[in-house]
Amino acid sequence: MKLVPVEVVDLPLYESMFYDPEHMKYLGGPSSPGSAEKYLNAQKRCHASGDGMVFKIVPDSEDWKEGDDLELITRAESQGVGTVCLWNSEYKDSHVVEVGWGVLKPFQGRGFASKAVKMLIEKALGDPAKWHNIHTFTHVDNEPSVRMCKSLGFELIEECEIDYNGIFFPSFHY
């Protein structure tokens, strides 16, 4: 698997993620038309400025199993299967580094998110002065993400309420 910095050509990936009701289910539902481009541009700026790291997740040939759909593989290897991000954030008046991810529905359950988060954290640990105190927040009902956080060794800090673009939801804070 490769983590590739997001570019303008990744707009179809962002549209697939942000406009899909199922994908955005735990983040308040699909985003409004035109917002995917705004998210992409903001994340590109974040990556370019060094205030974060934002990558699309691109599987390699060894990430597939025998019998996987060739059309799905071709789409994934050209467009990517999702994104993984790390950025500076504030939580309860304290600086934290937050990690987040999203994988398109047809590619979920294959370990792409777990592998991408591990790779990104390993990359971040190469600069511990900048990227430390890594946290993540996941909706309390997002069972796959909750299981993933536990399997990656994130420790539950608390249950809290998180604001995602003006939408508040119950979250586990790891």
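**View 1. Phe-137 in strand β6 and its partner in β8.** The bridge partner of Phe-137 in β8 is His-173. Strand β6 (residues 137-139) and strand β8 (residues 167-173) pair in the antiparallel sense over three bridges; two strands count as paired if DSSP finds at least two bridges between them. Strands are DSSP runs of E with at least two residues, helices are runs of H or I with at least four, and both are numbered from the N terminus. The model is predicted, so local features need pLDDT of at least 70 and side-chain atom pairs count only at pLDDT 80 or more, while totals for chains, interfaces and linings use all residues. Residues are numbered from 1 along each chain as its sequence is written, and side-chain values use heavy atoms, with hydrogens and water left out.

**View 2. The hairpin of β7 and β8.** Strand β7 (residues 158-164) pairs with β8 in the antiparallel sense over seven bridges. Cys-160 has Ser-171 as its bridge partner in β8. Two residues stand between the strands of this hairpin. Asn-165 lies in the loop between β7 and β8, and its phi is near 55°, a positive value in a residue other than glycine.

View 3. Thr-138 belongs to strand β6. Is Thr-138 buried or exposed? Thr-138 has a relative accessible area of 5% and is therefore buried; buried means under 20% relative accessible area, exposed over 50%, and partly exposed in between, with a 1.4 Å probe and protein chains only. Not counting residues up to four places away in sequence, Thr-138 touches Ser-145, Val-146, Cys-149, Pro-170, Ser-171, Phe-172 and Tyr-174, where contact means heavy atoms within 4.5 Å. Gly-82 is 56 residues from Thr-138 in sequence and 17 Å from Thr-138 in space, C-alpha to C-alpha.

View 4. Five strands form an open sheet of mixed pairing, in the order β1-β2-β3-β4-β5. The strands at the edges are β1 and β5, and each has a single partner strand, so one side of each is left without a neighbour in the sheet. Within the sheet, β3 and β4 pair in the antiparallel sense over 10 bridges, and Leu-86 has Val-99 as its bridge partner in β4. Helix α1 packs on the sheet and touches β2, β3 and β4. The direction of α1 makes about 70° with that of β3; axes are lines fitted to C-alpha atoms, for helices over the stretch in contact, and angles run from 0 to 180 degrees between N-to-C directions.

**View 5. Asp-93 between β3 and β4.** Asp-93 is in the loop between these two strands. Its phi is positive, about 60°, although Asp-93 is not a glycine. At 79% relative accessibility, Asp-93 counts as exposed.

**View 6. The nonpolar cores.** In soluble globular proteins, nonpolar side chains tend to be buried together. A nonpolar core is here a set of buried Ala, Val, Leu, Ile, Met, Phe, Trp, Tyr and Cys residues joined through side-chain atoms within 4.5 Å. The largest has 43 residues, and Ile-57, Val-84, Leu-86, Phe-107, Leu-120, Ile-134 and Phe-154 have the most contacts inside it. Elements that each supply at least two residues of this core include α1 (11-18), α2 (35-49), β2 (52-58) and α3 (70-79). The largest share, seven residues, comes from α4. A second, separate core of six residues includes Tyr-91, Phe-137, Cys-160 and Ile-162.

**View 7. Helix α4 and what covers it.** The buried residues of α4 are Phe-112, Ala-113, Ser-114, Ala-116, Val-117, Leu-120, Ile-121 and Ala-124. Their cover includes β1 (2-5), β2, β3, β4, β5 (134-135) and α5. The 13 residues of α4 should span 18 Å at 1.5 Å a residue, and the end C-alpha atoms are 18 Å apart, which agrees; the expected span is 1.5 Å times one less than the number of residues.

**View 8. Cysteines without a disulfide.** A disulfide is taken as a pair of cysteine sulfur atoms within 2.5 Å, and by this rule the count comes to zero. The sulfur of Cys-85 is 8.0 Å from the closest cysteine sulfur, in Cys-46, which is too far for a bond. Cys-85 counts as buried at 6% relative accessibility. For Cys-160, the nearest cysteine sulfur is that of Cys-149, 12 Å away. Cys-160 is also buried, with a relative accessible area of 12%.
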